[in-house]
Each structure stands twice: as structure tokens, then as C-alpha cells.
Amino acid sequence: MNRAPPLLELRGIRKVFPNGTVALRGADLNVRSGSVHGLLGANGAGKSTLIKILSGALEVSGGGLFWKGAPVRWTRPIHAKAAGIATLYQHVPLVPTLSVLENVLLGSKGTWRQRAEDRERVGAILDEVGYAVDLDAPVASLSIGQRQMVAILQALSGGADLVVMDEPTASLSNPERRTVHRIVRQLAGEQGKAVLFVSHFIDEIIALTDEVTVLRDGRATLNAPTDTLSEEAIAEAIAGREVVTLEREHRAQARGEVVVEARRIASPGTLAETNLTVARGEIVGIAGMLGSGRSELLHALFGADPAATGELWIEGERLGPTAEERVAAGVALVPEDRAEQGYVPAFTIAENISLPTLRQFSGAGLLPRRSAEHAASVAAIERLSIKAPGPDTLVTELSGGNAQKVVIAKWLTGHSRFLLLDEPTAGIDIGARTDVLRLIRRAADDGLPVLLVSSEFHELLALCDRILVMRDGAVVAERRGDAITEQELILLAGSSANPDAGAVAA
Amino acid sequence: MSVPSTWRTTLGLREAGVYYALLLLLAVLAVLASARGFPPYLSVQNLGNIAYQASLVGIMGVAMTVMLITGNFDLSVASVAALAAAVMIGLADSIGLAPAALAALATAAAVGLVNGAIVQFVGINAFIVTLGTLTAVRGLVLLLTDGRSLIVSDPEVLRAMLVFESSRVPIFWPALALAALLVASGIAGRARGSGGVGRIAGGLLLAVLALVAGPGADLAAPVIYLVVFTAAVWFVLRYTIVGRHIYAVGGNAEAARLSGINVTGYKLAAFILSSVAAGFAGVLFGCRLGAINPTALQGTELTVIAAAILGGTSLFGGAGSVIKTVVGALLLFTLTNGFNVLDLGANYQGLIEGSVVIVAAAIYTVGGRRAARRAKRPAASPVIEEPAGSATVAKEA
């Protein structure tokens, strides 16, 4: 463990957004040269805000930022970059049509597009880290892991002293993950750089880092050398939660018979063969980190993944493979990205709600009756407590939470027989979250089988009868919703040490 | 779409700008005509002429609008029209007009199917595919005609063509009836709270026009075809499930697909509609002349697209109105007609027409951006209602 003075020191960093939201309430962080520092925290703990402050994308509201011992204040990303901090975001911003070399040199100054010494310099960096890639290949032809490496090269060619990596391994395959790990170790070891490594995978943090900081509710709740910590201690520091969105309710009614049966659902490269059943009125949760295959499972079940194989049966009827056939048979998906996949922006609330089941609102099965659509939308606005002037309001005029309720309302007009929800509470406020969770519970109480994906594990715990844990494209564990704690879920999803790994996935 | 219409939004510059532009242009031309001592510009006969000249582009423009709403693009319409005309003229002497016209429409539909299948199943951009068929189909026309003009020689067929294309249809009573229908439906719509302002305004305008024209007014058959086709497509878009799905497919294809709508089917159908409409325009064109020149209608596809843009159709899909496209076509042909009739110097014509298209697009874009800013403000900053600590939760999975 390196005990040199910190390269970067944050003291009591606070961040209050103009609307009064407090994202960080006095966070401390020390990152030393020649060491890998792990940063963990649940959703909303303030990790992303902290990274944005380090990279100069956000200004601090209070507290001190010290770089190489001197107080600094960055107002633009270029300031942090010039000082020697390179930030690698989850979604690597590269230009797909340019070559690897040109992407690596994207931020460099000068007149000429191609210079011999640049090629040599980048080649030298490649030799140093021991990674091979064709510098002239267009980035579009690379895998996600290779792109990650291009972004790392970009950071190194800029001569960074601190490399901040925001979940660099989340969407990588295992060999690619090992390459990233090797290079991170090499950066900190041989080259003496500092690395701030953000990850949800606790085993990865334990194996890779020298020091760990855990954020919770905008504060550092744990800071210690990694070799003094256990996976359980880290999980506990992440989980301890004060705000509970929805209390678990004992669901008295007996579970109905099994109505949904998925057999050997798989997708090459992203999802191992998976079998699952959902009973009438049952809520089954899928717990998994980003890249665990949770969204891939939903898309395969919905028919939105053309490469997917396997069968979906509802009430003894085998459904066709396409999304159109599955929607017609009553499969409903509330997608992860509501603006891109959930609603038609130019449509009103009423038009969006009636979209999947327009026929049932139409005279002669052809002419939509505005009065019927209106009545259904007014009822939905009432029942889901959507805050909107009326059914003729454009869906783009609503806040995120209310737009999400419209996307859910689309599927609650009586036609659905199997409800799939992908992160239904992402990016919406706490009041709307509670509404959405209640809504899901009510839909299940009405007899709908529900499959719920969420990275908010406490929501799964509050809602689900059964929880399947996914990692690396496979279901690795299955638990009863009332027989597991959030800590255990974090451990199961974020660590390889699973007692029943493989038992359920087969 | 069915954003609640008020007098202010419906009659505002962005919504009704193309109508004002047409009225303004007619007024300017009328003043110029009287200042220069020409016969009155706003005669029933001259207005009927403009509509006649605009009818082919109008028919293609209506189908093009549907195409643009679904988020695709068709550059090949003029070549397809020429191909249909060549097929019809080439066959009419031997098999008669009606079978020849049907063969022409079938040929056009086949080209549309090819266009759509390549775009939807191979996944090439519609702009590129139809740029290719624009040239290839024109080449096919040259092959069919061997580079010469084809003419119809059978007098029977020529007479049938004349009836189909050049007969005059009395319109006084039908126009008054249609006007009454529009106003009544508009009033009923307002009573139910779903639009209607445009229908009332249009109905009143139509009634005034009919009364001014007098009981003897008549119009050329192609204008009637245009009116009927436009009305049918308008009805489908405005009132049926098919129409709603077409807007949804163009507005957000992914959301439409995840709602169980057959996105590929709708986009393919739009290609076929566009080509069949072009084929029909080609048949009318062939009947008008009784002959076809292999270079006929060259460049017309750009006029068709310009008409749709003048009508406010979005090139990104999801928005557009067929009636406004027709008005856009009328606007373009009023310009041409004005330059010819008033002898305003034909050299300026292209410059003015092009500028008009750009100004119109600028008005729509700037106006649209303002409207979008107004509409998006609450939604664009979801941070407003984030709870403590989760301001960045959306992407932090």
C-alpha cells in the first residue's frame, strides 16, 4: 500500500443543483499516485456527480479540491484535462468512421491530420501497456472492449496522471475484462499513474484495487485499504439505506397457477439458455448489474431480439417469434429508454395510450373513436395519477415520471397477459417512483404475471415474490423475495462467489 | 395531429402559412396584372388552369407526403410516371386504353415494391435506392421507347383518352355541397372538442369560390381526380387506425414496433402508394398528349418534393398534411403561371421558386423549434424533481 501524499484530494465536497437537489453532502476522497482506487455506491449515491466534478463537467458548490497539493477549481472539462485528469465514460465517445490512431489523437492540437511521430508515439504507448490493435482499423469495426482500449489509449496519449474509469468493465466479456484489469494494474504499477476505478462488481474491486471508497447518500461511508476489507463489509456499506420508496407488503392472496413459461430462451453472445416461469399475479424480479444480460432477457422474451432463440408459452399457447405476434398475444414491454423506445413524441397522451390496442377503441375496427380514447385516457390519468392538463396534452410536455406512467398505461388497457418492465423507475422522482411501484403491484394483484428488471434492489425486495439474480448473461441464483436482504442481493449480483451458481441457469 | 386546435394555433403562421402565402401571391399577381393592363388575373378560367397544371404534381405530392410521414423518401416518382406513360402509350393501340392503363399502374406498383423491398429488407437508405431507380427506370423508358417518341394512332383510343383526361366536370353544386359538409363537420368537431377550425375555414372559402365562379363553373377531370385522391388520403390519415399507425411509424419507429405495429409493412406500403400515384400521374400525362417522349417529366420529382416541403412536411417523418402539400403545389404552379401570363421575365423564375422553398422551410424550422422549446421545457430537465442524491441516476446503472 502506497502511503505517499495524495495526488488528488477532495475534502467535504458538496454539490447542490440549482433546483435544490443535493447530490453530494460532504464527500471525501484521496487518490494516490501508483495506486488503483475503487469507488462504489448504489444508484443515486453520487458517484456520477463526483466523477463529473473531477472531470470539470460540473462545478462544486462547496468543499475543497486539491490537485498535487494545491487548491484548484475547474469550470470546464478542458481545465481538468490540461491538469492531467483523463475521464473514461461508460459510453465511450469515439468517432466510428475514423481510424484508431485518429481517435486516439482526437484531442491533440496541430495542423496536420497524419504525422509520422504521432504514429510512433502511440505505437510506443501500445508497446508499454502490451496491447495490440491495428492503428488504421476504423473504430466502427472494433468490439466494445477494443473501443474501451482505444479510449484508454486516448487518455494515455494525453499524458494523464489520473485516469478515472466509470464502470469500464460493465459491458465487456470476460477476456476483455481481464485485459482491462491487466492494463489498469500496469498503469498503476509500472507507470506510477493513479487510477480511480468505478465498478458495481465487488469481487473485481477486491481483486484489482489498493484502496476503496464507498459513497452513500452523497457521503463517503467507507474508506479503507482493500486488503483490510471483505466483500460483505463493502456490500453492507453500499446497502445501508435510509430512504425507502415502498414498504414491503405481505401479499396474502395465494399465488395462482403458472401461466407464463419461457423455455430455453437464449441469444448468442449475450444470454445463456434460460428457463423461467411466472404464475398468475406473481411479480418476478431480475436483479443484475449493467451488462448482466437482464435487458437482453426481456428483449428476447418480447421478440425484439431477432437473434434470440427459444420458446415462450402463455396459458398453454406457444407464441410466434416476432414482436408483433407477441404484442398481439398480450406480451407487453415497458422499455428501458422511454424517449427512444417508449412513446411517439408528436402524439398526445391519449394517442400514445391507445397505440398498441387501437383496434379496441375503434368503430368497425378501423376508425379510432376519439371519445373512447379520451375516456380511457382520462381514466388512466386518474388511476395512475398522471399530472397533466388532459388527454390532449403532448407526451413531450410531461415530466419524466409522468411520461413513464403514460408508457405503462399503454399496456394496462385490459389487453395484456404478461407484463415486462425494464428499469421502470429510472430517472424519475421519488414520488413518481412510489406511484409506479404501487401500479406494478396493483397490476399483479389484478392477476397479471409481471417480470421486473431493476437495478434498484430495494425496489425488487419491496415488490417481488421471487428474485432471479443475473450475471454475465445467465441466471446465477434464485431467491424468495421475503427471504433475502439487499446486502445479499448485492453480493450475489456483484460477486462470483455464489453458492448455487449454475444450479438454476442450466 | 390532434393537438387541441384553437383559432389562434390553426390560423397561425406556422400552421396556415402556406395558405397565406398562396393568397398573398395571388393578390400580388392580380395587382400586377391590372397595373400592366392585362386581363384580370383572378378569372375563374385562369385559376382553373393553375389547378389543372398543378394536378399531376399534386397527385404525386400527396403520396410523397405519406412517404415522408413514414420517414422515407422517394426520388424516383418522375421516372416511374414516365415509365407508366410509356407502357400505357405503347400498349393502348393493341389492347385498348383501360387494360393499358392498368398494366401501367401494375408496372409502377412493381417498381414501388422493388424500391421498398430494397430499402426495408436490404437496409439501404431510401435516398440512395430511389436515386438509383430514378436513373435506372429512366433508362428503362429509353429502352422501351428506343429513344423515340411513342404515339397513339388508334382514333378510338385517342377519343377515350380525351374523355378521361380533358373532359370538364361541372362543380358548382358539388362544391357548395362539399362546403356545407365541411362546415357542418367542422362545427360538429368543435362541439366534441376535437379540431374543426381548418374544416370550417376551408368550407367557407370553398363556398365563396363557388359562388364567385357561378353556376356554370367547371373543372378539368385531373383536378377532380386530385381532389378525390387528396380527400381519400386525408380521411385515412385523419380518421383511421392506418393513419394513426403511419404517423406513429414515422414519429418513433422503435416505439411503434414495441407497440406491436408492423413498421416494415407500413413503410413498404408507402413505397407502393407513391409509385402507383406516380403511375397514375403518368397515365394522365400520356392521355393529355396522346404521346410520350422518353425525357418527359424529367426533374419533376424535385417539384413534387418541393410541394411537400412548402406544405410543411417534415423530412424526418412523423408530421405532414396532404392538403397543405396540394396547396404547396398550387403555390409553385401559381408562380410559374404568373411568370408566363404576366410576362415577368422567365429568367427570374428559378431563382424566385427556389428562394420560396427555402423561406418556407426556414419558417417551419424556426417556428417548430420555438414550439418545441415551449413544449419541451418541463420534460427536458427531469432533474427538477430528482430526490436528494439521485440527480444523475438515469445513466448510472
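Two residues count as in contact here if their C-beta atoms, placed from the backbone, lie within 7 Å. This is a predicted model, in which local features need pLDDT of at least 70 and side-chain atom pairs count only at pLDDT 80 or more, while totals for chains, interfaces and linings use all residues. Residues are numbered from 1 along each chain as its sequence is written, and chains are lettered from A, ligands numbered from 1, in the order in which they are written.

Let's start with a sheet in chain A. Helices (H or I, at least four residues) and strands (E, at least two) are DSSP runs numbered from the N terminus, and two strands pair if DSSP finds at least two bridges between them. An open sheet of 4 strands runs in the order β2-β1-β4-β5 of chain A, with antiparallel pairing. Because β2 (22-31) and β5 (70-71) of chain A stand at the edges with a single partner strand each, one side of each has no neighbour in the sheet. Further in, 5 bridges link the antiparallel strands β1 (residues 8-16) and β4 (residues 62-67) of chain A, and A:Arg11 stands opposite A:Gly64 in β4(A). Across β1 and β2 of chain A lies helix α1 (residues 47-54), at about 60° to β2(A); such axes are lines fitted to C-alpha atoms, for helices over the stretch in contact, and angles run from 0 to 180 degrees between N-to-C directions.

Now for the domains, whose bounds come from an automatic or database assignment. Chain A divides into domain 1 (8-239), domain 2 (256-339 + 415-506) and domain 3 (344-409). In chain A, 12 residues of domain 2 are in contact with 13 residues of domain 3. Helix α15 (residues 430-445) of chain A gives the most to the domain 2 side, with 4 residues.

A:His415 sits in the loop between α14 (400-409) and β19 (418-422) of chain A. Leaving out residues up to four places away in sequence, A:His415 touches A:Gly330, A:Thr357 and A:Gln360.

Finally, the largest nonpolar core has 263 residues, and A:Leu420 is among those with the most contacts inside it. Such a core is a set of buried Ala, Val, Leu, Ile, Met, Phe, Trp, Tyr and Cys residues joined through C-beta atoms within 7 Å. Beyond neighbours within four places in sequence, the contacts of A:Leu420 include A:Leu298, A:Phe302 and A:Leu451.

Terms used
A residue is buried if 20 or more other C-beta atoms lie within 10 Å of its own, exposed if 12 or fewer, and partly exposed in between; C-beta atoms are placed from the backbone.
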